[in-house]
Structures are given as C-alpha cells and as structure tokens.
Amino acid sequence: MGREELQAYLNGLDTLTFEEGGEWINLFVEPANFRALMERLRQDEKLLFDYLFCLTCVDFKTHLTMVYHLSSTRYRYNIVVKCKLDRQQPSIETVCDIWRTAEFHEREVYELFGVHFHNHPDLRLLILPEGWEGKN
C-alpha cells in the first residue's frame, strides 16, 4: 500500500487530522479517541505497527503535544501520531501494555513535562528525588 492508500486507510479508522509535508504521515487524534486508535494501529492486520521507536512531548507554551513514532516491521510503514493535551492538567492513556518500550519513555515524559499516563504500572520519577519541589 502506497502513502496515499495508507493515509486513506488510516482516515477510515477514526476522525483524524493529517499534517501535510514531511517524510512520514503525521496524524492528529483527540485524547478521547487516542487509546482505541493506538490499539487498532497495533492489531489491524493491514497495518501491524509493532514497533514504537520514539515517544516524546513537545511544549508549545499554549498546550503540550504527545508525539509517537511507529513502525510496521512487516510492511515497512512509518507514521507519527500526535495528540494535543491540556497544559493545565496534561494526561493521556498509557500505551506501555501495547508497546513495552513506552513504559520507560512515559516515565521520562511524566518527569520532564508532568504528563500523567493513566493505567501506567509504575509511574514514578526516574532521576529526580521523590518530593522534589518542582514536581506536583
């Protein structure tokens, strides 16, 4: 499946917004639809995004955006999934039960940006000591 076909197929999975340009397909999903989309990306036989190779957060001053880079080792697809979060109470569902590599990266984002990952099995600080003043 080519880029256009892949984008059309992804668009059929959910109400998504696509960012134009770039080497890979960049898509935005609402936080309420995030978890279901991620499960589908991993399990859908036409996609099989089995490798999460980057998970980070970007601070845009007005909001935070979670960024997930996914790859399908079977089909050689790469996509970027983005999800805009409320800056005052940033939270999103964990994906560490879908991709184990997310567990450590989510803890890092929790420590650096204060994003709470719902249902994360071990959401604690990595480097900073517990009770650190700047951590709420």
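Predicted model: local features only at pLDDT ≥ 70, side-chain atom pairs only at ≥ 80, totals over all residues.
With that, let's start in a loop. Leu48 sits between helix 2, residues 31-43, and strand 3, residues 51-59. Most residues other than glycine have a negative phi. Is Leu48 buried or exposed? Buried, with a relative accessible area of 14%.

There's another one like that. Lys61 also has a positive phi, about 70 degrees, again without being a glycine. You'll find Lys61 in the loop between strand 3 and strand 4, the latter being 64-72. Lys61, though, counts as exposed, at 67% relative accessibility.

Five strands make an open sheet, order 1-2-5-4-3, with mixed pairing. At the edges you have strand 1, residues 17-19, and strand 3, each pairing on one side only. From one strand to the next, the twist averages 25 degrees. Strands 3 and 4 run antiparallel and share eight bridges; Cys54, for instance, has His69 in strand 4 as its bridge partner.

What packs on this sheet? Helix 2 does, touching strands 2, 4 and 5, and its direction makes about 160 degrees with that of strand 5. Helix 3 packs on the sheet as well, against strands 3 and 4, and its direction makes about 5 degrees with that of strand 3.

Now the inside. The largest nonpolar core has 38 residues, and among those with the most contacts inside it are Leu10, Met38, Tyr68 and Val81. Helices 1, 2 and 3 each supply at least two residues, and so do strands 2, 3, 4 and 5. Which element gives the largest share? Strand 5, with five residues. If you click on Val81, look past its sequence neighbours within four places: its contacts include Leu27, Leu37, Met38, Met66 and Tyr68.

Last topic, aromatics. The count comes to five aromatic pairs. In one of them, Tyr75 and Tyr77 have ring centres 5.5 Å apart and planes at 25 degrees, so they're stacked. Tyr77 is buried at 8% relative accessible area, while Tyr75 is partly exposed at 31%. Elsewhere, ring pairs link Trp24, Tyr51 and Phe53 into a cluster. That's what I had, thanks.

Key:
Residues numbered from 1 in each chain as written. Heavy atoms only, no water. Helix = DSSP H or I, 4+ residues; strand = E, 2+ residues; numbered from the N terminus. Buried < 20%, exposed > 50% of the residue type's maximum accessible area, 1.4 Å probe, protein only. Core = buried A, V, L, I, M, F, W, Y, C linked by side-chain atoms within 4.5 Å. Contact = heavy atoms within 4.5 Å. Phe/Tyr/Trp six-rings, centres within 6.5 Å; stacked < 30°, edge-to-face > 60°. Pairing = 2+ DSSP bridges. Axes fitted to C-alpha atoms, helices over the stretch in contact; angles between N-to-C directions.
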